[in-house]
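Please open the model in your viewer and keep the sequence panel beside it, so that selections can be made by residue number. The stops below move from charged pairs to a pocket and then to a loop.

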Amino acid sequence: MRTLLVVVAVLFSTSIIAQSADAVLGKWETKNGKSHVEIYKKDGEYYGEIVWLKEPLNEEGKPKVDKNNPEEDMRSRPLKGLELLRKFEYDADDEMWEDGEIYDPESGDTYSCEMSLEGDDKLKVRGYLGISLLGRTTVWTRVE
């Protein structure tokens, strides 16, 4: 009977951790309201891509592209569908997603990044160079 209780307790605690880790999944509006990013899980890590743009077309009426990318051959890829969050892992002790990267299409720069939830509908996203103290935090709002 004790063994059964231990197994049930372990399974229950594992499901709570998995639920906490997956709490970040969904669509988020960026701070400036210019885009929505969908966060999804792939191979045990968390990624995010642009799924909506407030202004999807450029001055010529064509879909906006990654024109500021430092790699010339990447500058023609569309912003919609662009993966800007990569390779986040959930740290249950700190209740945050860390060791990931965020790409900023406005500058063409990639930063180390960590994310944490504030309640169910606010996501703190901190991009930084080197150490977390040298960075900037924005807050995204859940849309789905």
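Select glutamate 83, which counts as partly exposed at 22% relative accessibility, where buried means under 20% relative accessible area, exposed over 50%, and partly exposed in between, with a 1.4 Å probe and protein chains only. Before going further, note that this is a predicted model, in which local features need pLDDT of at least 70 and side-chain atom pairs count only at pLDDT 80 or more, whereas totals for chains, interfaces and linings use all residues. Residues are numbered from 1 along each chain as its sequence is written, and side-chain values use heavy atoms, with hydrogens and water left out.

Strands (E, at least two residues) are DSSP runs, numbered from the N terminus. Lysine 42 is itself partly exposed, at 34% relative accessibility.

Next select arginine 86 and glutamate 101, whose side chains meet in a salt bridge of 3.3 Å, N to O. Glutamate 101 belongs to strand E5 and arginine 86 to strand E4, so here the parts tied together are 15 residues apart in sequence. Arginine 86 counts as buried at 18% relative accessibility, while glutamate 101, with a relative accessible area of 35%, is partly exposed.

Glutamate 118 is partly exposed at 41%, and lysine 124 is partly exposed at 32%.

Move to glutamate 98, which is placed in strand E5. This residue is buried yet has no salt bridge, and the nearest side chain of opposite charge, arginine 126, is 11 Å away; Lys and Arg count as positive and Asp and Glu as negative, with His and the chain ends not counted. Leaving aside neighbours within four places in sequence, glutamate 98 is in contact (heavy atoms within 4.5 Å) with residues including Lys87, Phe88, Cys113 and Glu114.

## Stop three: the largest pocket

Select Asn32, Lys34, Asp104, Pro105 and Glu106, which lie nearest the centre of the largest pocket among its 33 lining residues. A pocket is an open set of points on a 1 Å grid over the protein atoms alone, where a 1.4 Å probe fits, with protein on both sides within 12 Å along at least five of seven lines, and lining residues have an atom within 4 Å of a point. About 960 Å³ of space lies in this pocket. Strands that each supply at least two lining residues include E2 (35-42), E3 (45-53) and E5 (96-104).

## Stop four: a loop proline

Finish at proline 63, in the loop between E3 and E4, which counts as exposed at 54% relative accessibility. Apart from neighbours within four places in sequence, proline 63 is in contact with Pro56, Leu57 and Asn58. Arginine 77 is 14 residues from proline 63 in sequence and 9.6 Å from it in space, C-alpha to C-alpha.

Technical notes: Grid points are joined across faces, edges and corners, and a volume is the space filled by probe spheres set on the points. Helices (H or I, at least four residues) and strands (E, at least two) are DSSP runs, numbered from the N terminus. A salt bridge is a side-chain nitrogen of Lys or Arg within 4 Å of a carboxyl oxygen of Asp or Glu.
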